[in-house]
Amino acid sequence: MYRYKNIIIFFDTEGSYGFPDSPYININDNINNIISVLDNYRAKATFNICAKILYEHPDLIKNLYSEGHEIAAHGFLHENFLRCNFQYLKNIMDEIDRAFISILQKNPVGIRSPGLAMNLLSPTGYMHKIKYRGLLSKHGYKWISDNCLYPLFRQPYTNLKIKTTIYRLLTPIIARNISIFHILEIPILSPLDTMLFPPEIRFKTKYSDLMRGFRILRSFIDNSGEIFNFNFHTEIIGTGNRILLLDKILEYATSYLECKFIRPVDLI
Ligand SMILES: [Zn+2]
């Protein structure tokens, strides 16, 4: 077991564009809740944000950026990139650039494609992905994070032992950085919070479910190599009582393992 870890903390931030059935999302509150926990551990995180939200919350985003958190792209309106035709994808990329330049005066260098659409296991997805990587390269992207062993972990509660064993075997391979079009690939190395909690849970989670989520994340981090990432949604972890899970897992990472929190931009 590697005790020394470099940890990236991702927060996908998509508001009602990613969670259309949740009318009560308050992005400001959610991010402030998250920041108050991160600050306790002096952790800088990476927010993958739908670009439209940059226009809607310019001060919040500028503030995050100036405090040292990385701001990456996550579509414009959380479009499913696999279902977009190429011309439409090009338009989205232009829209994203415009939003980043208008609010942060710079192009994004990283992106998480919404919906984890670019799965290598789908042949059509693979072709689409090659073209898409070329497009990203033209737009000056330096890193991308949209590959994961998602199908394996769709039900993370079952066969956790088997899955973490497979994971341990595969991690050295997938954690090696594969560069296509000079874009650093950062595979998703932990279950997303949407997989840890039933999707209908928006406001409060049973303490026992939070602890189960904690044990799952802990087992993934224990079994990882020296680079690891946590993958949360601002809308899930930042609301209700789930911020407790963020606090607990960061406490574990800093107390029992030797951790350094990094951002993808530190790797390029
Ligand atoms: Zn998303």
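This is a predicted model: local features need pLDDT of at least 70, side-chain atom pairs count only at pLDDT 80 or more; totals for chains, interfaces and linings use all residues.

Student: Where does Ile183 sit?

Tutor: Ile183 belongs to strand 7, residues 183-185.

Student: And what is Ile183 in contact with, leaving aside its neighbours within four places in sequence?

Tutor: Arg133, Leu136, Ser137, Tyr141, Lys142, Trp143 and Ile144. There is also a pairing across the sequence with Val109: Ile183 and Val109 are 74 residues apart in the chain, yet their C-alpha atoms are 9.5 Å apart in space.

Student: Zooming out, how many helices and strands does the protein have?

Tutor: The secondary structure comes to 11 helices and nine strands. The protein has 268 residues, and 41% of them count as buried. Among contacts with a separation of 6 or more, 82% are between residues 24 or more positions apart.

Student: What about confidence, what's the average pLDDT?

Tutor: The average is 84, and 81% of the residues score at least 70. Over residues 150-160 the pLDDT is below 50, and that stretch has 15 contacts in the model beyond near neighbours in sequence. Residues 173-178 are also below 50, with eight such contacts.

Student: OK, the core. Which residues touch the most other members of the largest nonpolar core?

Tutor: Ile7, Ile9, Ile49, Ala51, Ile96 and Leu246, out of 62 residues in that core. Helix 5, residues 86-104, gives the most to this core, with six residues. As background, nonpolar side chains tend to be buried together in soluble globular proteins.

Student: Take Ile49 from that list. What is Ile49 in contact with, beyond four places in sequence?

Tutor: Thr13, Leu54, Ile61, Ile71 and His74.

Student: And in helix 5, is Ile92 buried or exposed?

Tutor: Ile92, which is found in helix 5, counts as buried because it has 20 C-beta neighbours inside 10 Å, and 20 is the cut-off for buried. Not counting residues up to four places away in sequence, Ile92 touches Gly75, Phe76, Glu79 and Cys84. Ile92 and Phe81 are 11 residues apart in sequence, with 9.5 Å between their C-alpha atoms.

Student: Let's switch to helices. Which residues of helix 11 are buried?

Tutor: Leu245, Leu246, Ile249, Leu250 and Ala253. They sit on the same side of helix 11, because they cover an arc of only 125° around the axis. In general, an α-helix has 3.6 residues a turn, so residues three or four places apart point the same way.

Student: What do the buried residues of helix 11 pack against?

Tutor: Quite a list: strand 1 (4-13), helix 2 (27-40), helix 9 (207-222), strand 8 (227-233), helix 10 (234-237) and strand 9 (258-261). Ser255 and Tyr256, on the other side of helix 11, are exposed.

Student: What does the length of helix 11 look like?

Tutor: Helix 11 covers residues 243-256, so 14 residues, and reaches 20 Å from first C-alpha to last, close to the 20 Å expected at 1.5 Å a residue.

Student: Helix 9 was in that packing list. Which of its residues are buried?

Tutor: For helix 9, they are Leu210, Gly213, Ile216, Leu217, Phe220 and Ile221. These fall within an arc of 130° seen down the axis, so they line one face of helix 9. The face turned away from the buried side carries the exposed residues Tyr207, Ser208 and Arg215.

Definitions and conventions: Residues are numbered from 1 along each chain as its sequence is written. A nonpolar core is a set of buried Ala, Val, Leu, Ile, Met, Phe, Trp, Tyr and Cys residues joined through C-beta atoms within 7 Å. A residue is buried if 20 or more other C-beta atoms lie within 10 Å of its own, exposed if 12 or fewer, and partly exposed in between; C-beta atoms are placed from the backbone. Helices (H or I, at least four residues) and strands (E, at least two) are DSSP runs, numbered from the N terminus. Two residues are in contact if their C-beta atoms, placed from the backbone, lie within 7 Å. The expected span of a helix is 1.5 Å times one less than its number of residues. The arc is that of the directions from the helix axis to the C-beta atoms. pLDDT is the predictor's confidence in each residue, from 0 to 100.
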